[in-house]
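Have a go at each task before you read its solution.

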Amino acid sequence: MDIKLLRAFVTLAQQGRFHAAADILCLTQPALTKQIQTLEHLMGVTLFLRGRQGAKMTDAGQQLYSAACELLSHYDQFRDYAREIQQGRAGKLTLGFGISSFQLAPTQVIAFRQQYPNVEVSLNDIPSDVQCRMLLEGTLQAGFIRLPAPEPLKTRILLDEALVLAIPADVTVDAENIQPVLEQHQLLQISPHRGRGLADQAVSFLNRHKLSARAVAVADDIQTLLAFVAARNGVALLPAAVRHIMPAGIKLVPLSGEYSRWQVGIAWNPAIQDVLRDKFLAMLPAD
């Protein structure tokens with residue numbers, strides 16, 4: 001059933017006269033009459049009695065009037081909401097981030113919500129490789145990830161990240177020679193299924209600089225690794241951004257050389273049209 005037929009019914013019921021209702025609907029009276037007749041035919045009931053006093057609703061018309069008004073109200077609300085989404089002023093924005101964007105991502109979300117208060121923003125800690133898969137599947141709109149990203153995803157560089165060695169605060173180490181520390185303390189690493197990029201980065205750094213660890217233990221999250229380091233249960237190769245969340249009793253040793261740095265950026269799927277996502281991207285720092 002065409003929504004314009006219901007609108008014609010409700011408008012005529014409210015105005016009581018064909019010419020008044022036709023003016024409001026920007027129709028001719030014959031066109032309005034045809035719409036009412038079509039609706040009556042579709043519903044199998046007479047909605048109005050026509051006379052010199054105008055159009056008077058029948059008992060069936062009165063019974064259907066409230067439901068028609070409610071349906072039109074829902075339709076108008078839906079149409080307005082769809083327009084808000086189309087124009088990027090409402091809806092939901094689903095984002096992913098990681099430890100390297102721990103400070104940047106929430107800051108950008110706050111700025112975005114200040115400008116678009118009617119948008120619901122979801123920001124979740126998700127490994128970069130999982131974010132890429134979700135972007136390709138269309139279940140994530142944009143993600144702060146370790147670069148590079150697989151095609152056909154598009155990306156923009158946002159910051160540089162560096163590898164550091166997290167050690168207990170009372171341990172002494174030469175940043176140019178961390179092998180003695182690796183021999184004295186077990187190496188704690190993120191589980192590959194939880195942080196494949198960081199795990200691969202650490203292995204590549206160790207191999208490139210011909211470093212070996214006495215023993216290796218894994219954990220499923222960086223907070224656990226930091227807790228172990230603070231408790232003097234080992235040392236860990238981590239992103240420098242852990243400085244924003246690390247507990248007391250830890251110090252970070254900057255590292256240099258090949259595989260000690262990488263880039264972090266925002267990624268999205270250009271094959272998916274998304275006005276809301278594009279407004280968020282437009283607020284991020286340029287390359």
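**Exercise 1. Find out whether phenylalanine 112 and phenylalanine 280 are buried or exposed, then classify their ring pair.**

Keep in mind that you're working with a predicted model.

Step 1. Phenylalanine 112 is buried, and phenylalanine 280 is buried too.

Step 2. A ring pair is described by how far apart the centres are and by the angle of the planes.

Step 3. For phenylalanine 112 and phenylalanine 280, the centres are 5.5 Å apart and the planes are at 80 degrees. Angles over 60 degrees count as edge-to-face, and that is the label for this aromatic pair.

**Exercise 2. Classify the ring pair of phenylalanine 9 and phenylalanine 48, and say whether each residue is buried or exposed.**

Step 1. The count of aromatic pairs comes to five. In the pair of phenylalanine 9 and phenylalanine 48, the centres are 5.7 Å apart and the planes meet at 70 degrees, so you'd call it edge-to-face.

Step 2. Phenylalanine 9 belongs to helix α1 (residues 3-15) and phenylalanine 48 to strand β1 (residues 48-51), so this pair links distant parts of the chain, 39 residues apart.

Step 3. Buried means under 20% relative accessible area. Phenylalanine 9 has 1%, so it's buried, and phenylalanine 48, at 1%, counts as buried as well.

**Exercise 3. Work out whether threonine 94 is buried, partly exposed or exposed, and list its contacts beyond four places in sequence.**

Step 1. Go to strand β3 (residues 91-97), where you'll find threonine 94.

Step 2. Its relative accessible area is 19%, and the cut-off is under 20%, so threonine 94 is buried.

Step 3. Skip the neighbours within four places in sequence, and threonine 94 is in contact with Ser122, Thr139, Leu140, Gln141 and Ala142.

**Exercise 4. Find which residues touch the most other members of the largest nonpolar core.**

Step 1. That core has 33 residues, and Leu165, Ile222, Leu237 and Leu238 touch the most other members.

Step 2. Helix α8 (196-208) is among the elements that each supply at least two core residues.

Step 3. Zoom in on leucine 237: beyond its neighbours within four places in sequence, its contacts include Leu163, Leu187, Leu198 and Leu255.

Methods. Residues are numbered from 1 along each chain as its sequence is written. This is a predicted model: local features need pLDDT of at least 70, side-chain atom pairs count only at pLDDT 80 or more; totals for chains, interfaces and linings use all residues. Side-chain values use heavy atoms; hydrogens and water are left out. A nonpolar core is a set of buried Ala, Val, Leu, Ile, Met, Phe, Trp, Tyr and Cys residues joined through side-chain atoms within 4.5 Å. Buried means under 20% relative accessible area, exposed over 50%, partly exposed in between (1.4 Å probe, protein chains only). Helices (H or I, at least four residues) and strands (E, at least two) are DSSP runs, numbered from the N terminus. Contact means heavy atoms within 4.5 Å. Rings of Phe, Tyr and Trp (its six-membered ring) pair if their centres lie within 6.5 Å; planes under 30 degrees apart count as stacked, over 60 as edge-to-face and the rest as tilted.
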